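Please look through the structure shown here.

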Amino acid sequence: MSLSKIKHVRAFVVRGGGADYHDQGEGHWIDDHIATPMSRYPEYRQSRQSFGINVLGTLVVQIEAEDGTTGFAVTTGGEPAAFIVEKHLARFLEGRDPAEYEKIWDQMYFSTQYYGRKGLVVNAISGVDLALWDLLGKLRQEPVYHLLGGAVRDELQFYATGARPDIAKELGFIGGKLPLHHGPAEGLEGLHKNVALLADMRSKVGDDFWLMYDCWMALDVDYATRLAIACHEHGLKWIEEAISPDDYWGYAELKRNVPKGMLVTTGEHEATRWGFRMLMEMDCCDIIQPDVGWCGGVTELLKISALADAKGKMVVPHGSSVYSYHFVITRHNSPFAEFLMMHPGPTEVVPMFSPQLLGEPVPQNGRLKASALDKPGFGVELNPEVALHRPYTH
Ligand SMILES: C[C@H](O)[C@H](O)CC(=O)C(=O)O
Ligand SMILES: [Mg+2]
């Protein structure tokens, strides 16, 4: 039995927040002196937008079937990803049965391998893959999490990422992940400030609330080790993405160096089963954090998470909004989820990919019932008030 065939694939670009969640207005916590690999240059230290973190914008992929049913997805990638989708990837979908996601993924990946493998190209592949799963769910009138095997628990539990873990605690989250503000170029003074902020947060949230540091690739092994040791007495639960995602050897060393009980996490800028296999086989971390919109989409995440399961590793996707929620609810080795606080303060819970999605569920009291996902596909629609730009056609 075949489904309505795929008729059109279209790619659009959208500006302002949403899947490119770093594309925020002035004064947002997410652009306030956060340590990055570019912090070694004083002129790029205060703002990540100054070095172009939001240069891409959101990619929207739409896949329309012959019966008019349309699936869509958003990820980071903007105009260059729109080019790849329209001019290269669309050929592997049009005229095909949407249930053939394995073959479609394989053809998208291997046809682009000579210039792809990671980064922007895999973001584009992920966007197409997620739009395909959305279409499949809409054609079958089932939520994606049913297609992935169904819920293994009744609700999702979240930790919050943002500058105010103390408020996240009041809002019912199980933990708070702070952005690290100072990198190695800011010396011992910066290191002391990083530790002092954690100590201050610990005094506000008490002993049992999880506190983590997100280092956004800014450190080297020596600094990360010193930070981990200094933060141990303030109960740092994990140190995230401390060094370059290419430095598998450095992660393996860091994992050996951190105090017993502290977790090393990484993977949001890693992609595909091969990248994650490397992280796991080299024993780089305790938790892998694939971004569903960047790692290859749901089709690839299923392979990554099966590998992780066999190796006894947790999979806690980076951000990813509904694309994460539909996956996390179906996997035992994915026991909680991230919620990125996109309120500028961040003092309130607002939808993670606001304003691009309509019907995007948000945690209440740090939790989300599986039943909140009970709509066809990923259960969201594109906000018609958001302006779509289609830079290329085919
Ligand atoms: C807060 C981090 O610097 C980044 O913006 C988000 C991230 O890495 C995460 O949510 O994880
Ligand atoms: Mg992170």
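## Contacts with ligand 1

Lys177 places a polar side-chain atom 2.7 Å from an oxygen atom of ligand 1. Asp214 does likewise at 2.8 Å. For His318, the distance from a polar side-chain atom to a ligand oxygen is 3.4 Å. These are polar contacts, meaning pairs of N or O atoms within 3.5 Å; within protein, one atom must be able to donate a hydrogen and the other to accept it, and residues adjacent in sequence count only if both atoms are side-chain atoms. The protein covers 100% of the 310 Å² of accessible area that ligand 1 has on its own. Such areas come from the Shrake-Rupley method with a 1.4 Å probe, and for residues only the protein chains shown count as cover.

This is a predicted model: local features need pLDDT of at least 70, side-chain atom pairs need 80 or more, and totals for chains, interfaces and linings use all residues. Residues are numbered from 1 along each chain as its sequence is written, chains are lettered from A and ligands numbered from 1 in the order written, and side-chain values use heavy atoms, without hydrogens and water.

## The shell around the ligand

How many residues surround ligand 1? There are 15, and the closest are His22, Lys177, Asp214, Glu240 and Glu338. A residue counts as near if one of its heavy atoms lies within 4 Å.

By class, the shell holds six nonpolar, three polar and six charged residues. Here Ala, Val, Leu, Ile, Met, Phe, Trp, Tyr, Cys and Pro count as nonpolar, Asp, Glu, Lys and Arg as charged, and the others, Gly among them, as polar.

## The cavities

Ligand 1 takes up the space of the largest cavity. A molecule sits in a cavity or pocket if more than half of its atoms lie within 2 Å of its grid points. On a 1 Å grid over the protein atoms alone, a cavity is a set of points where a 1.4 Å probe fits but cannot get out; a pocket is an open set with protein on both sides within 12 Å along at least five of seven lines; lining residues have an atom within 4 Å of a point. The count is five cavities of 30 Å³ or more. Grid points are joined across faces, edges and corners, and a volume is the space filled by probe spheres set on the points.

The largest cavity holds about 150 Å³ of space. Its lining has 16 residues, and His22, Arg48, Thr161, Asp214 and Trp216 lie nearest its centre. Seven are nonpolar, three polar and six charged. Strands β5 (175-179) and β11 (337-340) each supply at least two lining residues. Strands (E, at least two residues) and helices (H or I, at least four) are DSSP runs, numbered from the N terminus.

The second largest cavity holds about 60 Å³. Strand β3 (residues 70-76) gives the largest share of its lining, three residues. Asp291 and Trp294 are among the lining residues.

## The largest pocket

About 480 Å³ of space lies in the largest pocket. It is lined by 23 residues, with Gly119, Leu120, Asn123, His269 and Trp294 nearest its centre. The lining has 12 nonpolar, six polar and five charged residues.

## Backbone details

Which peptide bond has omega near -10°? The bond from Gly345 to Pro346 does, and it is cis. Another cis bond joins Ser354 and Pro355, with omega about 5°. Pro346 lies in the loop between β11 and β12 (357-358), and Pro355 lies in the loop between β11 and β12 too.

Glu241 is not a glycine, yet its phi is positive, about 40°. Glu241 sits in the loop between β7 (236-240) and α8 (248-257).
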